[in-house]
Amino acid sequence: MSASVDQSAQGSPALQLHRQLAAIWGTGPGLQRLAAVNHSIIGRRFMATAFVFFAIGGVLGMLTRVQLATPTADFMTPGTYNQVFTLHGSVMLFLFAIPLVEGMGVYLTPKILGARDLAFPRLTAFGYWCYLFGGSILTGALLFGVAPDGGWFMYTPLSSNVYTPGVNADVWLLGVTFVEISALAFAVEIIVSILKIRAPGMSLDRMPIFGWYMLITALMMVAAFPPLILGSILLEVERAFHLPFFDPTRGGDALLWQHLFWLFGHPDVYIIFLPMAGALSTIIPVLAGGPLVGYRAIVVAIIALAFVSFGIWVHHMFTVGIPHLALAFFSASSAIVAVPTAVQVFAWLATLAHGRPRWNVPMLYVFGFFFIFALGGLTGVMLAMVPFDWQAHNTYFVVAHMHYVVAGALAFPMLAALYYWLPLLTGRMAIHQLSVPAFWLVFVGFNLTFFLMHLTGLRGMPRRIYTYTGEEGWNWLNLLSSVGGFIMTIGFALVVIDLLAQLRYGRRVRRDPWKAETLEWAMPIPPAPYNFASIPHVEIGPDRPAPDGLAPSLARGEGYLGFARNGWQETLGVHMTSGAPEQLIVLSRSTYLPLYTALAIAVAVLAMLFHFYLPALAAALVVAGLFVLAGQSAGLSRDYGPLPVGQGVSVPPHTELAGSPPWWALVFTLIADGTLFASLLFGTLYLWISAPNWPPPQTFTPDLGLAFATVVALLVAAAAARGSQRSISAGGTARGWIGLAALGLVVAIAVVVGLIGDIVPRPTEHALGATAAALLAYVAFHAGIGLLFLLSNLLRLRGGFLSSRRSMDPHLTRLWLDYTVVTGVIALGLVSALPALVRSLGT
Amino acid sequence: MIQLGSTVALTGCGGPLSTLSAAGPAADAIATLWWVMLGGSAAIFALVLGLFALVILRPGWGSSVSPARWIVLGGLVLPGMVLTPLVAYALITGERLLPLAGIARQRIEAEGRQWSWTFRYPGEGGVQTVNVLHLPAGVSVDMAVSGFDVIHSFWIPRFAGKIDAVPGHVNVLRIQADEPGRYEGQCSEFCGIGHALMRFAVIVHPAKDFSAALAQAAASSPASTKAKE
């Protein structure tokens, strides 16, 4: 790594500091790489893996184009074709688009915000392994001919165990949910990191625009993924254990799945787009040679976009039979979403207009973005118009639209970003002779493939058909689309060759080749594992810390934390809004725990797939144990008090502060959890109001006494958690309080399990019973996790990780149990009231 | 390229399943909406790409317009001027296509199953046809659409938009055929292995001959009259 030290700064202080820090932050060689937790390494792995899945998804897409190039082709059987197109969509979305965005966020965010790493390095690594294993299960199924075949949005009842009896749908539900663990882990980690770990002085209004984009994206993920995860769990439970949530013959409703899926699915488009828009907002000003126009307008626009994007999911469901006036609301909001997007597009145009744009390869891809995204946006407005959607829905017009949107929102900005940031990753510049023809092949091939599909769709070709007769007037359109697909594929192959050539033969650069303004260029490139030998103080902004003069002085250790201490991986925590230095964050080191934990989950998933439920449960318990074990090596084992961090500033380590990253991580985790709970409540009420075959013939009379007893037990646990918190803050052992809280939770779990046993109709007979069981199981599950919190508290008390100053743990436990009480009261209340509601109000 | 161009011009909008060769009032109204939106979109696309070309090729060209004005004009005024009338136009068009009570003279039930369509005619003595839908010309018909097993979608592109056939629900779609003749319909929601082949024929009879023609068709095809359940 010494090669990466800046030449001009190779005086002894910089080199000495580099050696000390590299020894602390480095990852070991050989197999020890599997223990890596460093954000640069994990970010690169995320992106490289995403590109491998992109290649797999691309090949699958090409297979569909071969099949459709001519009418009545028998290149593939219908069964194979269904697996291929389902996996093409699932891989591109869940294994390429979202993880690529995550990888970019993991790699770039700390560097742009002036931090040495993300808040929870072990969580970063854990997310990566979940992604890799889940993605491997999903794609590996194709080799055994059991890949998902119900379309990438898995509509029920087609995906139920009646109409898809094999393991195919389970592979999708379990595999995708496994991958989504990484999305939630990423979201929580990015939010906390952006809010708490920035360069001192970087107040929120001085934060580079990229930080705002990632923050809003991550907040959207926290709210968007839980409905999908809940839907997947419920559908898997229906398939495996026959609880009817979506089966219309037993009081379920297929449309509930669609609501839950698109409640995720639509915001997801913006989850993919916003980070790439963040890249564009970072790149365009640099290429234009001037500041970004409309920083505040853009921040307001993306916040508005985030909100509106949760109010338009029904535009995927205009033909399911929802009343027209309700559709009109979603139609209007789908049109309104164009406004914040237009604000950004014109802010970029204005940025270019007010600068002197350079014409180079990233700019070429910016052009491709403008061209393709504009078309995708315009057809999006068309599809938002309800009557037009009645015709175009589920045709190749929609296929064309979504490829224009995704290529415009993701592929072209991604390639612009890649060519822009690759010198940072590799220390080399691109070789333009190859980059330019590669662009044009991709661009022309893409448009040939997908522009014609608009017409194919208008001429009536539905999506997801494996063949056609040849008399519909689709022949030449399909043939040209297939030809275009091959041109595009050649273009992407050239891009890959270009990137490999750059890696090998590109001109070596040692510092910022673009005259950029953001902090990721204020370090020697490629970056050392600690990013910054010392952390800068940000005086001006946004996007103008002027890295040019900064890099050498930072390398000499003239900023914050320009020294090695105790072998700690240190970075600075700041006040959320003002950016004033607040805490010294000591990060965890390399460990195999994330790998082992993800492996245990993989075992659980595979056991579920083969219907080995007891081994699956055992593996889940191992996972729980590993999480508790991970808690045993977090934090510091003694009190330190304020420690100097340079520039004459002293702050306490994060273990001794109330608003430290773990606290905020739990807060945002609970917001995600609360969204999942709200989705479950929504599902219960939705089934009651709109599903067929309600009410069930018999309903139970809830045992109000037992429900009340559960609430009391949960309240006792929450109160005891407060007692333990006070006791530890006062230097006590708190064992009695912890025991009392555990007793309360065990009682609550026992009573809730009893309540589930008393439900009539039985959970397998009718959706009323199934939803009641799901609500009660939610309470029991959270009480069970509460027990793990208490166990961890006990172990960490004994290990000396807690003191009157280091009292974060009981705070976390208290927060978790408070949440359990609140959701428990709501769940028990609804379960108790539901039978009476159904009887008195009907359906 | 020239040959390709003429092929496009010749066969551009035709075809037995083309939404743009409308043969009923609903498809006609939607095709008009499409042509209006296509014109508007082409203009906006040309504007955005033209602006991009200008700011790149003529540096300094747009710098006399203040940044705030760029954003307000392009980000707020332009979408506002385009979207407000468009949403209103689409809403009115959609309202006109709704199956309001008391207007339709025929009600026909359509049930999708893996992988065929069953049509029942309660107003015609409850006869039933499979994979062939008989309609009277010039008469508005309410199709009551449902699914037997999984979700399908009922769609005759030249007459009207589609409506999903959802098990446990009945959705109503109003369609009308202008002229007698043979048309085609198809399932447009993925429903498994046989989805691509789940097409049905539509035979439109002159209104006065409809009952007789339907009775004859039902009688001559025993598969059609027999209920499958």
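Residues are numbered from 1 along each chain as its sequence is written, and chains are lettered from A and ligands numbered from 1 in the order in which they are written. Because the model is predicted, local features need pLDDT of at least 70 and side-chain atom pairs count only at pLDDT 80 or more, while totals for chains, interfaces and linings use all residues.

## Contact between the chains

The contact draws 67 residues from chain A and 68 residues from chain B, where two residues are in contact if their C-beta atoms, placed from the backbone, lie within 7 Å. On the side of chain A that touches chain B, at least two residues each come from α3 (78-113), α7 (254-288), α9 (324-336), α10 (338-353), α11 (361-384) and α12 (386-392) of chain A. Helices (H or I, at least four residues) and strands (E, at least two) are DSSP runs, numbered from the N terminus. The largest share of this side, 11 residues, belongs to α10(A). Its composition by class is 46 nonpolar, 16 polar and 5 charged residues; Ala, Val, Leu, Ile, Met, Phe, Trp, Tyr, Cys and Pro count as nonpolar, Asp, Glu, Lys and Arg as charged, and the others, Gly among them, as polar.

## Helix packing around α17 of chain A

Helix α17 (residues 593-609) of chain A packs with helix α18 (residues 613-631) of chain A at about 165°, their axes lying 8 Å apart. That angle makes α17(A) roughly antiparallel to α18(A). Axes are lines fitted to C-alpha atoms, for helices over the stretch in contact, and angles run from 0 to 180 degrees between N-to-C directions. Angles under 35 degrees count as roughly parallel, over 145 as roughly antiparallel, 65 to 115 as roughly perpendicular and the rest as oblique. The crossing of α17(A) past α18(A) is left-handed; a crossing has this hand if the near helix is turned anticlockwise from the far one by less than a right angle, and is right-handed if clockwise. Among the residues in this contact are Leu593(A), Tyr596(A) and Ala600(A) of α17(A), with Val622(A), Leu626(A) and Phe627(A) of α18(A). By class, the contact of α17(A) with α18(A) has 18 nonpolar, 1 polar and no charged residues.

Helix α4 (residues 121-143) of chain A also meets α17(A): the two axes come within 8 Å and cross at roughly 30°. The helices α4(A) and α17(A) are therefore roughly parallel to each other, and their crossing is right-handed. Residues taking part include Arg122(A), Phe126(A) and Trp129(A) from α4(A), and Leu593(A), Thr597(A) and Ile601(A) from α17(A). The classes in the contact of α4(A) with α17(A) are 13 nonpolar, 1 polar and 1 charged residues.

## Paired strands

Two strands pair if DSSP finds at least two bridges between them.

| Pair | Sense | Bridges |
|---|---|---|
| β1(A) and β2 (residues 581-587) of chain A | antiparallel | 6 bridges |
| β2 (residues 116-121) and β3 (residues 127-130) of chain B | antiparallel | 4 bridges |
| β4(B) and β10 (residues 199-205) of chain B | parallel | 5 bridges |

In chain A, 6 of the 6 residues of β1 (residues 569-574) are buried, so this strand is largely enclosed by the rest of the structure. A residue is buried if 20 or more other C-beta atoms lie within 10 Å of its own, exposed if 12 or fewer, and partly exposed in between, with C-beta atoms placed from the backbone. Glu570(A) has Val586(A) in β2(A) as its bridge partner. The hairpin of β1(A) and β2(A) has 6 residues between the strands, and Gly579(A) there takes a positive phi near 80°.

In chain B, Thr118(B) stands opposite Val130(B) in β3(B). The hairpin of β2(B) and β3(B) has 5 residues between the strands, with Gly125(B) at a positive phi near 75°.

## The open sheet of chain B

Chain B has 5 helices and 10 strands, and 41% of its 229 residues count as buried. An open sheet of 5 strands runs in the order β4-β10-β9-β6-β7 with mixed pairing. Its edges are β4 (132-136) and β7 (163-165) of chain B, each with a single partner strand, so one side of each is left without a neighbour in the sheet. On average, neighbouring strands are turned by 30° against each other, direction ignored. Val132(B) stands opposite Ala201(B) in β10(B). Helix α4 (residues 210-220) of chain B lies across β4 and β10 of chain B and runs at about 165° to β4(B).
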